[in-house]
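These are my notebook entries on one structure. I set down what I looked up, entry by entry.

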Amino acid sequence: MKTLTQVCICLFTIFAFAQPPKLDLRDGQVSGRVIDASLNQPLPYVNILIKDVADKTITGGITKDDGTFEIDKIPEGKITVSIQYIGFTTVTKTVNMGKDSYKIDLGDIRLEEDLESLDEVTVVAEITTIQQKVDRKVINVGKDLTTAGATASDIMNNIPSVNVDQQTGNISLRGNENVRVMVDGKLSNVPIAQLLRQIPSTSIKQIELITNPSAKYNPEGMSGIINIILHKNTKLGFNGNINFGLTKEINAKFNSSIDMNYRNGKFNFYGNYGNNIGNNANYGSIERLDDQSIQTFNFENNNKSHLYKVGVDFYMNDNNTVSFFTNQNLFNGLGSGDAGIQYIGEPLQLQTFYNDIDNTVAQYNGVYNHKLKKEGEKIDLEVDYSVFAQDEIANFNFSNISFPPNYIDIVDTDRDQTTINLDYVNPLSEKAKLEIGAEARLFDTNIDYNSTGLSVNENQDSTPNNGDEFIPTPATDFSYKRDIYSLYVTYGKSFEKFSYQIGARAETVSEDASAIRQLENSSETTPFENDYFQIYPSAFVTYTPSDKNSYQMSFSRRVDRPGLQQVNPIREWSTPLISSFGNTNLQPQFTNSIEVNYTRKFEKGTVTGGVFYRLVEDEINRAVFIDRLDLNKNILTYDNFENTTAFGIEISSNYRPTKWWSLNGSFDLFSRQQKGIAETLTAPTDIATVDDIERSTVEANNVVYNFRLFNNFKVTKKLSLSVFSMYRGEEKGLQFNRQPMFMVNTGLRYSFLEDQRATFSFNYSDILNTMKFEFDGDRPTPQVGQFNWESNSWNIGLSYRFGGGKYRALQRKNRDDNEKSGSGGFI
């Protein structure tokens with residue numbers, strides 16, 4: 001009985017102390033509105049969690065279409081409100097629910113994009129959208145756009161302000177090829193044209209057009225930066241996807257890729273393989289109006305490219321991550337063709353050629369990421385090393401041409417580049433951030449050229465075209481070294497409706513080049529040195545007076561350093577009448593750019609409009625000069641021209657008239673004033689001498705406009721159709737004028753199997769067969785011409801994703817655009 005009594009007393013005591021004290025309980029309420037800090041637009045379906053002091057969830061809810069939320073029945077006491085949305089940084093607010101206030105309005109809560117985790121979400125939108133942000137335009141590539149073609153090169157012409165030269169693969173932004181192309185924030189040693197044809201369109205998540213980059217970016221690229229962001233996959237377990245594609249007009253071209261990922265515990269392993277195999281045909285003609293001669297061109301390239309990537313992420317703990325990956329690219333190109341010259345009453349003169357190119361690229365990248373104690377404060381160290389090696393053998397044979405005799409060119413190229421980057425980020429407050437960084441970029445290349453042919457003796461005193469003396473073509477060794485050391489700092493702060501960012505990048509550059517020509521009894525050295533120091537400032541201001549209106553203004557100074565092919569004095573290619581050389585004396589060009597953009601949101605879409613102005617100092621451009629050793633021939637090279645200016649407007653829009661129809665449209669117009677040097681002959685070529693070469697300053701005032709419209713029609717949940725049209729207006733240059741270009745593409749996409757894991761696509765490009773490069777000009781001789789490629793082609797593609805697992809965000813940092821790429825992807 002005594003024991004029972006003790007037990008009862010004990011139980012009574014426990015229950016007594018377990019009862020909460022009597023308080024005046026009332027149900028509280030928390031409300032507010034969540035908006036996208038970058039776009040100043042409401043965010044629907046955001047998770048709102050209410051937690052107690054023990055971090056236990058009490059209740060919660062989601063935001064409405066207008067971004068607002070209102071959560072009731074919250075008990076009295078200290079609570080934590082957690083605002084969570086995938087792809088955005090979580091915001092946490094602590095409040096006291098009590099007698100002073102039982103209804104708490106948190107006001108506008110601005111969520112910032114968490115690019116570290118956003119890039120890891122492998123979610124592909126149905127429809128492509130365009131967003132105007134403070135310093136860039138972001139094209140979110142949807143499933144509709146991937147029907148435009150199998151590779152990155154195919155879909156680039158669908159992007160506002162971007163054009164791809166289908167013959168060379170060169171890419172331009174706002175009509176200028178001085179643009180830097182990056183993949184996941186990194187430059188590559190792989191030639192751009194080769195790289196773009198290697199990346200499957202289905203692997204692309206976003207394309208960023210950074211037309212006025214901030215000081216944290218490397219300052220190269222007059223017209224800006226194009227950054228291709230690839231999908232990442234960090235789901236737990238084993239996951240992946242596989243793609244196949246076939247394109248054909250004249251020749252068949254195949255491409256395929258496989259992307260695999262395994263995530264478990266502290267490690268994430270990933271690997272990729274992609275290939276691009278097939279023939280490409282190009283053909284054209286040039287008619288000279290002075291002597292009525294016609295040049296014809298027929299080229300075919302049989303290319304095979306294989307790209308491998310493997311990497312690992314090691315999550316040491318919550319504050320330290322180590323990552324490593326390597327890219328290996330193997331390329332073989334077999335080129336063949338002929339260039340003919342037909343003079344009136346004479347037999348056809350013909351040059352045939354065959355070349356074999358093999359190149360390999362190896363890239364090794366390591367990153368260490370360390371998070372400091374303060375929220376958002378971190379340090380990143382990255383080391384990137386890559387090597388490029390290429391061997392080329394080119395055979396040239398001639399028919400009905402007295403000179404030169406048949407010959408073989410042998411060119412060996414080796415180059416390597418090392419980049420060391422250190423970044424520090426310090427959020428000084430909730431609305432202010434400081435970023436500081438240092439970088440070293442070391443670039444070294446060597447080109448050896450040998451030939452079995454003959455060349456005109458440039459040291460002779462004979463008159464061109466008359467009694468020339470010939471010597472064996474000198475072997476040439478060209479070396480080029482460039483070291484760049486830089487520091488940058490940016491500071492940004494936001495207010496209620498305003499935000500700004502200012503920064504500057506200081507760089508010291510050292511260039512050292514030499515070309516050594518081995519003559520019969522001696523050698524001849526042409527040295528080149530150029531050292532300079534520059535500061536590149538940048539400034540950005542954003543004003544968001546309402547949810548539907550946003551304004552941005554920016555300024556930056558940039559540089560275009562001459563590329564390797566632009567300074568390489570070794571002959572790049574030649575036809576019987578044209579030879580292409582670089583210019584070792586090229587100087588960098590500097591660009592000062594200012595830009596203003598306005599974004600307006602409507603119920604069914606958005607419209608973004610902008611204006612820009614550029615002042616270019618010592619512009620680098622193509623130049624055509626008369627060959628002093630043979631006045632019938634021309635030399636295609638590069639030169640620095642006088643200062644030029646350009647200004648223009650851009651308008652882009654996303655609009656969805658109905659649930660089954662959406663469209664993206666863009667229009668850009670720019671006016672450009674160019675000044676430069678041009679040469680003409682003042683006498684017929686058969687009797688002309690060097691004294692008849694007239695050099696003058698010429699000017700080209702140009703207004704160019706481009707229009708694009710992409711329509712997507714959702715027939716069923718699984719089937720979509722698309723129609724794309726593009727018009728490029730006439731463009732005038734210093735040497736020639738390009739005629740307008742027009743194209744219409746159609747496509748369809750069908751998803752099937754469980755969870756629509758598989759997708760079949762079909763695309764028919766240039767259905768009217770109107771795409772061609774037509775031009776006319778008067779310098780250095782009056783001429784008209786046209787070049788064609790395989791534009792009227794069809795493409796079929798098949799993709800399948802496999803594996804599964806719960807999504808788990810990977811907290812990593814993207815690089816060069818100061819956000820290091822995570823796992824997966826091709827470069």
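Entry 1: I looked up the contacts of Val 162, where contact means heavy atoms within 4.5 Å. Leaving aside neighbours within four places in sequence, I found Val 162 in contact with Met 156, Asn 157, Ile 171, Ser 172, Leu 173, Leu 209, Ile 226 and Arg 708. The model is predicted, so I note that local features need pLDDT of at least 70 and side-chain atom pairs count only at pLDDT 80 or more, whereas totals for chains, interfaces and linings use all residues. Residues are numbered from 1 along each chain as its sequence is written, and side-chain values use heavy atoms, with hydrogens and water left out.

I then turned to nonpolar cores (sets of buried Ala, Val, Leu, Ile, Met, Phe, Trp, Tyr and Cys residues joined through side-chain atoms within 4.5 Å). Buried stands for under 20% relative accessible area, exposed for over 50% and partly exposed for what lies in between, with a 1.4 Å probe and protein chains only. The largest nonpolar core has 23 residues, and Val 162 is among those with the most contacts inside it, together with Met 156, Ile 171, Ile 204, Ile 207, Leu 209 and Ile 226. At least two residues of this core come from each of α3 (152-156), β11 (162-164), β12 (171-173), β13 (179-183), α4 (192-196), β14 (204-210) and β15 (224-230). Helices (H or I, at least four residues) and strands (E, at least two) are DSSP runs numbered from the N terminus. I also recorded a second, separate core of 21 residues, which includes Leu 43, Ile 74, Ile 109 and Leu 111.

**Entry 2: the chain overall.** I counted five helices and 47 strands in the protein chain. Of its 827 residues, 52% count as buried. Among contacts between residues at least 6 apart in sequence, 66% join residues at least 24 apart. The accessible surface (Shrake-Rupley method, 1.4 Å probe; for residues, only the protein chains shown count as cover) comes to about 37,000 Å², of which 56% belongs to carbon and sulfur atoms.

**Entry 3: aromatic rings.** Rings of Phe, Tyr and Trp (its six-membered ring) pair if their centres lie within 6.5 Å; planes under 30 degrees apart count as stacked, over 60 as edge-to-face and the rest as tilted. I found 27 aromatic pairs in the structure. Tyr 543 and Tyr 551 are stacked, at 6.1 Å centre to centre and 25° between the planes. Tyr 543 is partly exposed at 29% relative accessibility, and Tyr 551 is partly exposed at 37%.

Phe 736 lies in the loop between β41 (731-732) and β42 (737-738) and Phe 773 in strand β45 (residues 773-777), so the pair ties together parts that are 37 residues apart in sequence. Phe 736 is partly exposed at 38%, whereas Phe 773 is buried at 17%.

**Entry 4: charges over rings.** I took a charge to sit over a ring if NZ of Lys or CZ of Arg is within 6 Å of the ring centre and within 35 degrees of the ring normal. Lys 309 lies over the face of Phe 325, 4.4 Å from the ring centre. Lys 309 is in strand β19 (residues 294-317) and is buried, with a relative accessible area of 1%. Its C-alpha atom is separated by 5.4 Å from that of Gly 271, 38 residues apart along the chain. The charged end of Arg 415 sits over the ring of Phe 388, 4.0 Å from its centre.

**Entry 5: strand pairing.** Two strands pair if DSSP finds at least two bridges between them. Strand β33 (residues 589-602) pairs in the antiparallel sense with strand β30 (residues 549-560) over twelve bridges, and Ser 593 in β33 is the bridge partner of Ser 556. β33 also pairs in the antiparallel sense with strand β34 (residues 605-617), over 13 bridges. Here Ile 594 stands opposite Tyr 613 in β34, and a hairpin joins β33 to β34 through two residues.

**Entry 6: positive phi.** Most residues other than glycine have a negative phi. Asn 400 has a positive phi of about 65°; this residue lies in the loop between β22 (378-399) and β23 (407-429) and is partly exposed at 49%.
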